[in-house]
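These are notes for a colleague who wants to check the packing by eye. Please have the coordinates open while reading the numbered points.

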Amino acid sequence: MTDVSEAQVSEAEIASHWREEEYYSPSARFIAQANGADPAIFERFSEKNFPECFKEYAVLLSWDHYWHTTLDTSNPPFWKWFVGGRLNASYNCIDRHLAKDRNKAALIWVPEPESEVTHVITYQELYKRVNEFAALLQDLGLKQGDRITFHLPMVPALPISMLACARLGIIHSEVFGGFSGTACGDRIADSGSRILVTMDAYYRNGDLLDQKAKADEALAAAKELGAEVDRVLVWRRHPGRYSSQTPMVSGRDFFVDELLADYRGRVVEPVSMPAEAPLFLMYTSGTTARPKGCQHSTGGYLAYVTGTSRYYQDIHPEDTYWCFADIGWITGHSYIVYGPLSLGTTSVMYEGVPTYPDAGRPWRIAERLGVTIFHTAPTTIRMLRKLGPDEPKKYNYHFKHMTTVGEPIEPEVWRWYYNVVGKGEAAIVDTWWQTENGGFLGSTLPALQAMKPGSCGPGVLGIYPVIYDEEGRAVPAGSGRAGNICIRNPWPGLMQTVWRQPERFLDVYYRKYNADPDSKDWHDWPYFAGDGALQAEDGYFRILGRVDDVINVAGHRLGTKELESAALTVPEIAEAAAVPVIDDIRGRMVEMYVSLKPGIDPDGMEAKVVSAIETEIGKIARPKNVWIVPDMPKTRSGKIMRRVIASVSNFADVGDTTTLANPEVVDGIRHHVQAAKVARGETPRELTETELAEIQSFGNE
Ligand code: 6R9
């Protein structure tokens, strides 16, 4: 192990104090069956074969017409992939599997109540349902290029609605079902959708939650922004029974199951779409600024998610693959729906929360369905470890492969995932990427590259990352210094633009490191990901978190993630979050929020966390306060919303909390923390406008 804590850093860089972890190798059994087991693949995807290497992904699809230009760079950074090619995404995910696999399960849907039966939707059944819904959309006058907003939970209606749109070339925009009506309304207005598709209700943590109630709020919010919605299509959780308290508005709201009665057996020919036609929009959650609609293409996106599903998820048609994410998140679009279905595998969907009714639920599902590949996020792993550390042992399931995605995973947590969840048998991939990217950017090819806890791995096939400091100098691998991770080249999964805001696309992702705006050479256009990272000698990247998450204590830039990792070396700690507090002497100081594993006595925990941070990072990082809280405010994809707790710590207004999964925890935390601060004499002076902006956008979720 190398200790890199002594590396000298300048203000343009971020210090890193992490130790290198040991390697883990996949089993011979895994390697023997893996899709990517021949090292020649690295050569095929090496830079000298770019961009043609991506043909290897594109030929996994069925095309109506082949492309004439693999990559068109004539209008940087608005790259075009597979130009001249035509295909249909719905055809690729459904129709092409019918001849051989008509009666194979495409989707297996597990409702949250354990008393409800599991639904198996075969490729044939999916074909029928998608066609019928597509015919309905067509009769409503929707056509190629129109937008439609969904506000759907984790039910089969969601992938069915997506694939029906894809069939007709309608651009879908799913707003995460847990978001508020207002958040949905903003996105309706931005996308220019005239139809909202929602559901009456769904189960979450044992309750049947009213979803349709949010539709009225959404329409009101959209109207305020000048957008009119003509129709609200309402799927019913229990067809024939309406489970929402809000009245249906006559002439505007319709039950999908009633409308579909007239569409039985209707078939709609898949529209042959240009490869560059947009397939969907996926909004990234903004703080106060207008939401960013990441516009993803049909051909490039589908090729990229299919290729990465094949090689990095190691999906074979005979696998039972379970990605435990929400389809309202990019992970669900790419790695529950489009990638797995395009490969003709069986994709499992689960409606509810991981720990309902207890922390054994995921493992019961895995055992019952014979899941072979499991995919989830660190937040879920931490929660399952906290509530049921020994549960996996009680169930007879065997994963060959597991994924972690969404945030850096602490090595402690990684090892529990590997040893306990994976039973030491599963290869793990830690996949680093973003909504903007369509698919993975950094990971290990599971049969060929060893795993290293806490590091995502090198750039994936055809992705050439680099770390730049603030001045644009490359930070070499093994230097122990961190900087801004960028991708030097375009790739097919990258978003095409920010919907209707091309300038913003350029500004946010390219302006920083582009030296010549007139250049038509892609080498001059590195993609700025906005994450801090460090590259080890072996080429593996360790992601430190968003660069706007960095806490600058007396000139030392500390990554939130390593502070949190240090806190997690205390075995009693379940979760940790680091935020800055404004301090007139040191600029910023670190404040930690931690939650404890169940049954732990909070006495003495503060001191343990402080000492762990001092040992792992140094006295400079010593937190001003450690707050023990029952739960952290989180987004639905499980990311801690640091700006909310940062605001609490600095007595600032917490801002918009509508995109939180658990807004109810905020008041309790504020009360507890601010009362304690007042008692300690820590009431701050009034913040300047810049300070306020920094705190209220900290972590920028
Ligand atoms: C797919 C997804 C993107 C941000 C990204 C980074 C963080 C994602 C990660 C990771 C470390 C990983 N992130 N995966 N950090 N290791 N394996 O999460 O998209 O919701 O847009 O978030 O998440 O900070 O920039 P999105």
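1. Buried means under 20% relative accessible area, exposed over 50%, and partly exposed in between, using a 1.4 Å probe and protein chains only. The model is predicted, so local features need pLDDT of at least 70 and side-chain atom pairs count only at pLDDT 80 or more, while totals for chains, interfaces and linings use all residues. Residues are numbered from 1 along each chain as its sequence is written, and side-chain values use heavy atoms, with hydrogens and water left out.

2. Cys165 is buried, at 0% relative accessibility. The closest cysteine sulfur to that of Cys165 belongs to Cys93 and lies 13 Å away, too far for a bond; a disulfide is a pair of cysteine sulfur atoms within 2.5 Å. Cys184 is also buried at 0%, and its sulfur is 14 Å from the closest one, in Cys165, again too far for a bond. The structure holds zero disulfides.

3. Beyond its neighbours within four places in sequence, Phe133 is in contact (heavy atoms within 4.5 Å) with residues including Ile160, Val197, Trp235 and Leu260.

4. Helix H12 spans residues 361-369, and its buried residues include Trp363 and Ile365. Helices (H or I, at least four residues) and strands (E, at least two) are DSSP runs numbered from the N terminus. The buried residues of H12 pack against elements including strand S4 (105-110) and helix H14 (411-421). Gly370 follows H12 and has a positive phi, near 65°.
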